[in-house]
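Hi,

Here is the structure I promised to pass on. Have a look, and my notes follow below.

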Amino acid sequence: MKKQICILGSTGSIGTQALDVIEQHADLYEAYCLTANNRYEELAVQARKFKPAAVVIANESLYEPLCRLLDDCPEVKVYAGKAALDEIVQAEPIDMVLTALVGFAGLSPTIQAIKAHKKVCLANKETLVVAGELICKLAQQYHVPILPVDSEHSAIFQSLVGEDDNEIEKILLTASGGPFRTFTLEQMKSVTAADALKHPTWEMGAKITIDSATMMNKGFEVIEAKWLFGVPAEKIQVLIHPQSIVHSAVQFIDGGVKAQLGVPDMRLPIQYAFSFPKRLHLDGARLDMFKQPLEFFEPDFKKFKCLALAYESIRQGGNMPCVVNAANEVVNEAFRQGRCTYLGMADVIEKTMERVAFDAAPTFETYVETDAMARRMANELITK
């Protein structure tokens, strides 16, 4: 029987590469449901090709245009709205849910997938950033595996396979350093969104590419690693590795270090999450260790203030990572629209952290309220 996969965010970078994996292994996997937020035309093209049982467009205003494009595909059911995302992940035939939505939007459907006992392949790091404690409790309660799809967390996961209860001394989380790794603070004052979108090694969506340029993305990955692997933030060390060949590593209490290496190709961690514990053939380039040296540098927390703020949010705990995530989503979009400067993004996030009410023991409802409050505050700070 083919494994039935629901892809939340099928038109994005992760979603399209996941469909490539499904296409390469059409004997093993099938797309049961595909979803998008606004890209209804791309979603229709995917639906025609992969013939899923259902598609969901989160933006309800695009329901009719999507239906028209799929008029001659009656076998594909069309749904719309955020509630439909929560409902579709619970469909009986689904074996696993790939959560590749961007931002806070991934939280609710991930919770519903867990409650429906679906294997979760997690590419939406914000879910654990915002509500890591809640998600981990639910996964334990419903006996649901959460398989990381981020290349770094997949690398850590792969390095831990076979290690059972061997104690971790340190997680070594690698980062490319983004396009401004060698810039001075003075140079950073004038960088634009166009500059920030030129990532040196990875091809990603606009939001995550900007997060990579500020290194907030790496801060979020520290939070995600804390929850996925049960390691405190002080035992997670960020390493700048411009070549993006060592995807991350684990150091054990005997001093031994295990790492996962490979060319920058997100299809590998996607496929590994689908197929674990098996490894399947994957078409693509292979790593040539003779081509280039491997370099590692310490991050500059003064230049990349967003990374420092992420660590601070972990230290405070409670709903503070939720505050940081919400404010970051606001400033990230504002920077792309030219309404906020590169260095101004971190300033707005820091001020939002100071002004939003802290809650040490948040519930799901608290996260929703905190997210709304932090977005409102960040927007006010940008317009001042």
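Just past helix α11, G230 has a positive phi of about 65°. (Helices here are DSSP runs of H or I with at least four residues, numbered from the N terminus.) Keep in mind that this is a predicted model, where local features need pLDDT of at least 70, side-chain atom pairs count only at pLDDT 80 or more, and totals for chains, interfaces and linings use all residues. Numbering starts from 1 along each chain as its sequence is written, and side-chain values use heavy atoms, with hydrogens and water left out.

α11 itself covers residues 216-229. Of its 14 residues, 11 are buried, so the helix is largely enclosed by the rest of the structure; buried means under 20% relative accessible area, exposed over 50%, and partly exposed in between, with a 1.4 Å probe and protein chains only. F220, E221 and F229 are among the buried ones.

E221 is also in a UniProt record: the unreviewed entry lists D150, E152 and E221 under "binding site". These three are spread over 72 residues of sequence, yet they cluster in space, with a largest C-alpha distance of 8.6 Å. UniProt annotations may be inferred rather than shown by experiment, feature names are shortened, and positions are in the numbering used here.

E221 counts as buried because its relative accessibility is 2%. Leaving out residues up to four places away in sequence, E221 touches K125, D150, E152, H153 and L173 (contact is heavy atoms within 4.5 Å). E152 sits in helix α7, residues 151-160, and is buried too, at 11%.

Cheers

Methods:
Helices (H or I, at least four residues) and strands (E, at least two) are DSSP runs, numbered from the N terminus. The expected span of a helix is 1.5 Å times one less than its number of residues.
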